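Subject: Structure handover

Hello,

Please look through it first; my notes come after it.

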Amino acid sequence: MKPKVAFFDFAGCEGDQLQVANLEENLLDLLGQVEVVSFREVMKEHSDNYDIAFVEGSCTRLQDEDRLKQIRKNAKLVVAIGSCAAIGGINSLKNYKDLDQVKKTVYGEHAALFDSYSARPIDAIIPVDAYVYGCPIDREDFLQVVKSLLLGKKPETPTYPVCVECKKNENVCAFERGQFCVGPVTRAGCNSCCVNEGTICWGCRGLIDNPNENSQKEVLIKNGLTVDDAIGKFRLYFGWQEAKR
Amino acid sequence: MKIISKEDFQSFVNALIQEDSWNVIGVKSRGNKFAFAPLDSADELHLDYDVTLLPPKKYFFPQRETLFTYDISNGFSAKNPEETKPMIIIGVHPYDIIALLHMDEIFRETKSDSFYFKKRESSIIIGVNIQKMSKYNFSSYMGCATVDYGYDLMITDLGNRYAINVGSQKGEDLLSKYAKNVTLALARDVQTAGQKKRGIMNQSEQEFKFPPELIPELLKDSYVKSGFWEKHSEKCLACGSCVLVCPTCYCFDVKDNPDLSLEHGERIRTWDGCLLEDFAKIASGENFRATRPTRYRHRYFKKGKYLFDRFGFVSCVGCGRCSSNCLPDIANPVNLFNDMYQESQNAGAQFATSIQPDVNIKTEGNIDYVPKLATIIKKVPMTASETLFEVKLEDGVELGHKPGQFVEVSIFGIGEAPISISSSPTKKETFELCVRKLGNVTTKLHKLNVGDRIGIRGPFGNGFDAESLKGKDLLFVAGGLGIAPLRSLFNYVLDNRKDYGKVFLLYGCKEPKEILFGEELLSLASREDVEFKSAVNWCPENETWTGSIGVITTLIPQVSFDPEKTIAVLCGPPVMYKFVIADLKGRNVPDDHIIMSLERRMKCGVGKCGHCQINHIYVCKDGPVFNYSKIKGVPEAL
Ligand SMILES: Cc1cc2nc3c(=O)[nH]c(=O)nc-3n(C[C@H](O)[C@H](O)[C@H](O)COP(=O)(O)OP(=O)(O)OC[C@H]3O[C@@H](n4cnc5c(N)ncnc54)[C@H](O)[C@@H]3O)c2cc1C
Ligand code: SF4
Ligand code: SF4
Ligand code: SF4
Ligand code: SF4
Ligand code: SF4
Ligand code: FES
C-alpha cells in the first residue's frame, strides 16, 4: 500500500508546492512510491484520508490553528515545507512592526475585519515530525526527506551551517567579494546553492541550533555593514527563531 | 635538473591535454582566487598563483565519494564504484605535496584505504615552486616551503624558462615523450633556481616567535589552561571552514543515499570536521565535545600533538588556508601558538626540543567498506527497547571474533551502526547482537524479522585479551546495556571455567523491567563457581525484586575479592566509570587491574574517519577495550 500524501497551504507563497510540482522526471518516480490525495497546486480532488501531510506557510491567524490541529489528527506524519512553515520565515518580518500598523498597511481601512497575529511556524501550534527548510525548498533536499520518511528513517537534517557546503563547493566567499553573508549561522542542506550562483546566503533555511550570533554580527560589521543593516540581515528570516532564543 | 622554455612548456601541457588516457588538472583562476580544475588548454594555467581555495587532496579524497552501490531488489548485491581515469595534476605547491605525504601515512596506517591509493598511485604530480606567497602562508616555518620528494616533476620559474627537477621515472618518461627541446641545466640555472628557492624562504609575512618544532612540547601541558581555549574560541562560529580547507584534514562521514526506488542506492563518504557540532555526538544524546572551546581545542591538538605522537609530524604544512578562511580570524595557528608560547613563558615554563615519538606504522591489507551479507536467524525481544539478534554470515563463513570486539551492522538505505558482539567466540557458526532501539539503524533493525538480511563488517577493535586473564580472578561490573559486550567474555570464561579463578558478576539497571539476559542471569544463581549480584535504582511497587536497590556501586561492598589477584572488567554508560573506579581504588585495586570497554561515535570502524577519537586515541582500533592505567591520564576518556 502506497502511503497517501496531502499538501496544505497557509500563509505562504506556494512556491514550495511549485517546487514539488516541478520535480520533473523525479515526480514520476515519487508517484511510484506515494499516492497524492490532495494537492491544490495540481488537482481539484481533496481527501481527508492521508498518511503524510506536507504543510506550507506559517500560521498567522487564530483560525489557522484549528485547521492545523485537524491536519495533525488526520495525518500520521506532518512535514513542514518551506521557511514559512518550518521557521516562520519571511512572514515573521512583520513581527518586528506594530501589528495594527501592519494590518493597516496590508488591508487599509478594513483592517479591523481581519484578525491577524504574529506569524509563527506550524510547530508553534502542533508537533511536527520532519522539516524541509528553504525559501523556496530545494527539490533535492525535499526528495531526501521524503525518501527518509518512506524508509522509516529520521531525515538527516544538517546541524552545521551553509559554510560547510560552500567550502566543499570551493566558492569564493561572499566576504572576499565585498558582500555580506549569513551562511555561518544558517542551517545547511541547500548545497549552498545561492553562493554557488555567485550571490550570498540570505539565511532562508533558518538559524542552526546553536548559532554564534554575536560573532556573526561582529563579522558583518567588521566587514563594513552598519549595525542596523547587520540586524536587518538577521531579521529577514530569523525573526521567529531569534525571538524564541 | 632540466631546462625548458616557457613556450615549449605550454606545448608540453597541451600535448598532455590531447591524450585521452588521463585527465589533466591545473591551477586556474576562479574569481579573484585560484582553484585546481580540469584544463582545456595550457593558457588557463596560472603557475604564479598564491594559494588555491581547496588543496589538491580533493582529487584523492573527494568531498563526496561513492564507497559502493547496492541493489536489494533481488537479494542483495553491492558493487564498488567504477574506477576513475588517472590524473596529471599541474602546479602543486611544495606544502601541498608534503600534505599529500601526510595523507598517505594516515590512509595507510593499520589498514590501507584503497579508494585513496588507487587514485594516488595512478596519478602524476607536477609541482611548482612558490612564486608569490599568500599573506597567511607560513610553510617556511613548517619546513614545507620547498620540497625534494613527493613529486614526479617540479618546476621553478626562471623568468623566460623553467627549471625542471625530475622526481620519478614516471616524470622522466612523461617529459621525454611529450616535451620538446628539453636541455640539461647549466651551472647558472642551478644557481638561479637555488636563489629563487631561498627567496621563497624569506617571503612569509607570518612570524613564529619560537621554533614550531616545539609545538608538541608546548601543547603537552596546555590541555587544561585556565580560560585560554574559551577566550580564543569565543568568536568561533563552528562553521568548520578551518578544517574543510585544510590539506591535512581527513575526517569523514558515511551515509546511505537511496534513490527513489528505495531499492537501489549508494553508500557515500563526505568530508566532515571536528569543529562541527555533532561530530562526537552519539544516539543517546551524549556529545563528547559539546562546546565550541572543546572542539576548537581538539583541532589544535590534533594538528600539533595527537598526530605527532602517532606519526612523528606536526600535521600542519603552513599553507595558511585556515587562517584566511576563518571569518572571525581565530584559526591562524601562528597566532594561537604564539599566544600560548607567550603565556607559558610568562608562567616561567622552559621548553626543550620535543622528543621524537616511536613511530611504528603497520599496514595489514585493505579496508573493506562493502559489508558481508548475513541473515537474522533468531530474534528475541528482551525489554521494551532491547532485542537480541542471532545472526549468521552467508555461505557458512565464521565471524571469528574475540570477546569484546564489535561489528558494523548495515541496513542498506539507512546506514551502519557499531554493535558489540554479545556471544562468546566459543559459539562459532552464529553470533549474537543485543541492540537498543535508539536512532535510525537500530530502530529499523528492530523492525526486521527472522530471515531478513543485514550487512556485517568486522569484527573490529582490539577486544579483551582472554589469554592474559587466565588464572586471574575476574570481577565483571556491568551497567545497563554494558552487559552486552561483557557477556562475550563472561560466557567465554564460563565455557573455559577451569582456566580462570574466582568469577564475580555485578549487574545494575534502572528498574527490573530493564534487566537484560534475565533467564541466563537467573541460572547463575544455582552455580557454585560464580558469584552474581544485581541492583536496580528503583523498583515499582507492583513488581518484586530480590536484589539490591541502589546504583551499581552499592554492590561492590557486597563481594570480597583479593585486589592483587583480581581483574575488574567494566562496561556501562559513561557516568558509571568514575564512580566504580573510585570504589575499586578504595578497595586497593591497582590501576592496571581495571579494564573497560568505551563507547564513542563511529563511522568507519577502522581508524580513518576521526569520529571516535578520545584525544589521541581511536576507540575503534586502539579500543574499545582499554586498561585503566593507560587512559587514566587521557583527559577526554572518562
Ligand atoms: C564499540 C561500540 C559498541 C556498541 N555496542 C552496542 C551494543 O552492543 N548494543 C547497542 O544497542 N548499542 C551499541 N553501541 C551503540 C550503538 O552503536 C548506537 O546506539 C548506534 O550507533 C545508534 O545508531 P542509529 O543509527 O540507530 O542512531 P542515529 O542517531 O540515527 O545515529 C546515526 C549514526 O551515528 C553514529 N552513532 C550514533 N550513536 C552512536 C554510538 N553510541 N556509538 C557509535 N556511533 C554512534 C552511528 O554511525 C549511527 O549510525 C555500541 C557503540 C560502540 C561505539
Ligand atoms: S560565502 Fe557565505 S556561506 Fe560561503 S563561506 Fe562565505 S560566509 Fe560561508
Ligand atoms: S544559500 Fe542560504 S539563502 Fe540560499 S538556499 Fe541556502 S540557506 Fe537559503
Ligand atoms: S575557528 Fe574559525 S573557521 Fe574554524 S570553525 Fe571556528 S569560526 Fe569557523
Ligand atoms: S592547519 Fe591551516 S595552515 Fe596548517 S595545513 Fe591546515 S589549513 Fe594549512
Ligand atoms: S580531527 Fe583532525 S583531521 Fe579531523 S577535522 Fe579535526 S583537525 Fe582535521
Ligand atoms: S576512526 Fe572512524 S570509527 Fe574510529
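This is a predicted model: local features need pLDDT of at least 70, side-chain atom pairs count only at pLDDT 80 or more; totals for chains, interfaces and linings use all residues.

Contact between chain A and chain B

The two chains meet through 42 residues of chain B and 36 residues of chain A. Together they bury about 3400 Å², and 53% of that area is on carbon and sulfur atoms. Three leucines stand out on the chain B side: Leu237(B), Leu260(B) and Leu327(B) supply 23% of the area that chain B buries against chain A, more than any other three residues.

As for polar links, there are 23 residue pairs in polar contact across the interface of chain B and chain A, counting pairs with both residues at pLDDT 80 or more. Several elements of chain B each supply at least two residues of its side of the contact: strand 3 (33-38), helix 8 (241-244), strand 12 (252-258), strand 13 (264-271), helix 10 (321-325) and helix 12 (440-447). Strand 12 of chain B gives the most, with 4 residues. By class, the side of chain B that touches chain A has 18 nonpolar, 10 polar and 14 charged residues.

The count of salt bridges between chain B and chain A is 3. In one salt bridge, the side chain of Glu176(A) meets that of Lys33(B), at 3.2 Å from N to O.

Domains of chain B

The domain assignment divides chain B into domain 1 (2-201), domain 2 (371-410 + 420-460) and domain 3 (473-597). How far apart do the C-alpha centres of domain 2 of chain B and domain 3 of chain B lie? The distance is 24 Å.

Domain 2 of chain B puts 16 residues in contact with 15 residues of domain 3 of chain B. The area buried between these two domains is about 1200 Å², with 63% of it on carbon and sulfur atoms.

Between domain 2 and domain 3 of chain B there are 6 residue pairs in polar contact, again with both at pLDDT 80 or more. The rule finds 1 salt bridge across this interface. A salt bridge also joins Arg487(B) and Glu432(B), whose closest N and O atoms are 2.8 Å apart. On the side of domain 2 of chain B that touches domain 3 of chain B, strand 16 (386-393) and strand 19 (431-436) each supply at least two residues. Strand 19 of chain B gives the most to that side, with 3 residues. The residues of that side divide into 6 nonpolar, 7 polar and 3 charged.

Ligand sites

Which residues are around ligand 6? They are Val243(B), Cys249(B), Tyr250(B), Cys251(B), Gly273(B), Cys274(B), His298(B), Lys302(B) and Lys303(B). Helix 9 (residues 292-311) of chain B gives the most to this shell, with 3 residues. By class, the shell around ligand 6 has 5 nonpolar, 2 polar and 2 charged residues.

Around ligand 3 the residues come from chain A: Thr186(A), Cys190(A), Cys193(A), Cys194(A), Cys201(A), Trp202(A), Gly203(A), Cys204(A) and Arg205(A). The shell around ligand 3 divides into 6 nonpolar residues, 2 polar and 1 charged.

Regards

Notes
Residues are numbered from 1 along each chain as its sequence is written. Chains are lettered from A and ligands numbered from 1 in the order in which they are written. Side-chain values use heavy atoms; hydrogens and water are left out. Domain bounds come from an automatic or database domain assignment. Contact means heavy atoms within 4.5 Å. Buried area is the accessible area (1.4 Å probe) that two parts lose on being put together, summed over both. A salt bridge is a side-chain nitrogen of Lys or Arg within 4 Å of a carboxyl oxygen of Asp or Glu. A polar contact is a pair of N or O atoms within 3.5 Å; within protein, one must be able to donate a hydrogen and the other to accept it, and residues adjacent in sequence count only if both atoms are side-chain atoms. Ala, Val, Leu, Ile, Met, Phe, Trp, Tyr, Cys and Pro count as nonpolar, Asp, Glu, Lys and Arg as charged, and the others, Gly among them, as polar. A residue is near a molecule or strand if one of its heavy atoms lies within 4 Å of it.
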